[in-house]
Amino acid sequence: MKAAVIYRPGSAEEFILEERPVPTPANDQILVRVKAFGLNRSELMTRKGYSPAVQFPRVLGIECVGEVEADPSGQLAKGQSVMALMGGMGRDFDGSYAEYTVLPRRLVRLFQSTLPWEVLGAIPEMFQTAYGSLHPALAIQKGETLLIRGGTSSVGMLATQLASLAGLTVLASTRNTQKENALRTYGAAHVLIDNGSLNEAVRAIYPDGVDKVLELVGTSTLHDSLRCLKPGGTGCMSGMLAESWTISDFAPMEFIPATVRLTTYDSGQITSPTAVFQEFIRQVEAGQVKIPVSRTFRLDQIVEAHQYMDSNQAAGKLVVLP
């Protein structure tokens with residue numbers, strides 16, 4: 001099989017496409033034929049060496065969709081459609097940047113769909129992060145106002161749709177004026193051009209602030225995002241588009257406005273039941289939700305795909321079809 005292997009952290013050019021034997025699954029594993037996988041900023045950070053626990057060489061990839069190739073236990077039949085995400089994929093063990101991958105049984109979820117693989121490949125991590133941030137973390141309610149910072153990321157564009165469908169008024173930010181129409185297409189009632197400070201722009205629309213904030217840019221803008229909240233509001237940090245993990249000299253009583261709540265969402269810690277994924281797939285099939293796929297690539301274009309992700313040109317998800 002072909003696999004994109006990285007032997008040391010660095011630029012996109014560090015990926016090497018090489019031939020490897022198809023791995024053999026153990027009794028608690030499933031061999032999956034990878035049909036598609038989405039690219040994620042966390043993989044970019046791992047590639048750059050920002051994930052210190054990852055040992056190289058490594059096949060990256062924290063999510064995939066595909067078909068069962070072999071199940072030693074006989075519980076799953078060859079050809080059944082499956083998806084998987086997180087749980088150590090591409091970090092603790094080799095992930096989805098390959099034609100085949102061996103996954104722990106606990107990560108593999110069965111699903112049914114008529115959608116093409118390039119659409120399905122965009123769903124697992126993007127949907128889980130958007131849904132998990134909006135519901136378990138922020139507990140959004142109809143009639144609320146929600147600021148999504150980093151709106152033209154794939155998670156941001158999907159979260160905009162999900163929140164709008166749930167009856168919220170969405171404010172979405174972007175640094176690129178050329179992406180404003182895309183955000184409105186996906187349901188943003190207000191588009192804010194992010195120059196690093198949004199507090200004044202938000203309060204020009206809602207003087208008391210907004211009810212909820214979904215922070216996808218990360219630590220560099222989190223303080224300003226929390227200032228956009230009304231008293232008693234809640235902010236959730238779920239993304240690190242700015243590629244920074246930490247806050248220097250963090251002083252909680254200065255950083256977090258009084259009575260404002262701060263939480264996080266991490267799909268590696270909490271994931272939704274398979275039925276939630278299946279229901280979402282049905283919504284996509286029915287045309288109720290649009291999957292924001294920006295571009296697709298082949299596995300032998302993995303260097304180009306990571307370069308494109310590095311450039312921040314995408315408005316939506318990047319998907320690779322092995």
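Tyr-308 is buried, at 15% relative accessible area, where buried means under 20%, exposed over 50% and partly exposed in between, with a 1.4 Å probe and protein chains only. The model is predicted, so local features need pLDDT of at least 70 and side-chain atom pairs count only at pLDDT 80 or more, while totals for chains, interfaces and linings use all residues. Residues are numbered from 1 along each chain as its sequence is written, and side-chain values use heavy atoms, with hydrogens and water left out.

The ring of Tyr-308 pairs with that of Phe-297: the centres are 6.2 Å apart and the planes stand at 55°, so the pair is tilted. Rings of Phe, Tyr and Trp (its six-membered ring) pair if their centres lie within 6.5 Å; planes under 30 degrees apart count as stacked, over 60 as edge-to-face and the rest as tilted. Phe-297 belongs to strand β14 (residues 293-298) and Tyr-308 to helix α10, so the pair ties together parts 11 residues apart in sequence. Helices (H or I, at least four residues) and strands (E, at least two) are DSSP runs, numbered from the N terminus. Phe-297 is buried as well, at 2% relative accessibility. Over the face of Tyr-308 lies Arg-295, 4.6 Å from the ring centre; for this, NZ of Lys or CZ of Arg must be within 6 Å of the ring centre and within 35 degrees of the ring normal.

Helix α10 (residues 302-311) also meets helix α1 (residues 41-48): their axes come within 11 Å and cross at roughly 105°. This makes α1 roughly perpendicular to α10. Axes are lines fitted to C-alpha atoms, for helices over the stretch in contact, and angles run from 0 to 180 degrees between N-to-C directions. Angles under 35 degrees count as roughly parallel, over 145 as roughly antiparallel, 65 to 115 as roughly perpendicular and the rest as oblique. On the α1 side the contact (heavy atoms within 4.5 Å) involves Arg-41, Glu-43, Leu-44, Arg-47 and Lys-48, and on the α10 side His-306, Met-309 and Asp-310. By class these are two nonpolar, one polar and five charged residues. Ala, Val, Leu, Ile, Met, Phe, Trp, Tyr, Cys and Pro count as nonpolar, Asp, Glu, Lys and Arg as charged, and the others, Gly among them, as polar.

Pro-124, Phe-127, Gln-128 and Tyr-131 of α3 touch Val-276, Phe-277 and Phe-280 of α9. This contact has six nonpolar residues, one polar and no charged.

Ring pairs link Phe-127, Tyr-131, Phe-277 and Phe-280 into a cluster. The structure holds seven aromatic pairs. One of them, Phe-127 with Tyr-131, is tilted, at 5.4 Å centre to centre and 35° between the planes. Both residues lie in helix α3 (residues 124-137), four residues apart, about one turn of the helix. Phe-127 is buried at 3% relative accessibility, whereas Tyr-131 is partly exposed at 25%.

Some backbone details lie in loops. The peptide bond from Phe-56 to Pro-57 is cis, with omega near 5°, and Pro-57 sits in the loop between α1 and β4 (63-70). Asp-249, in the loop between β12 and α8, has a positive phi of about 50° although it is not a glycine. Asp-249 is exposed, at 78% relative accessibility.
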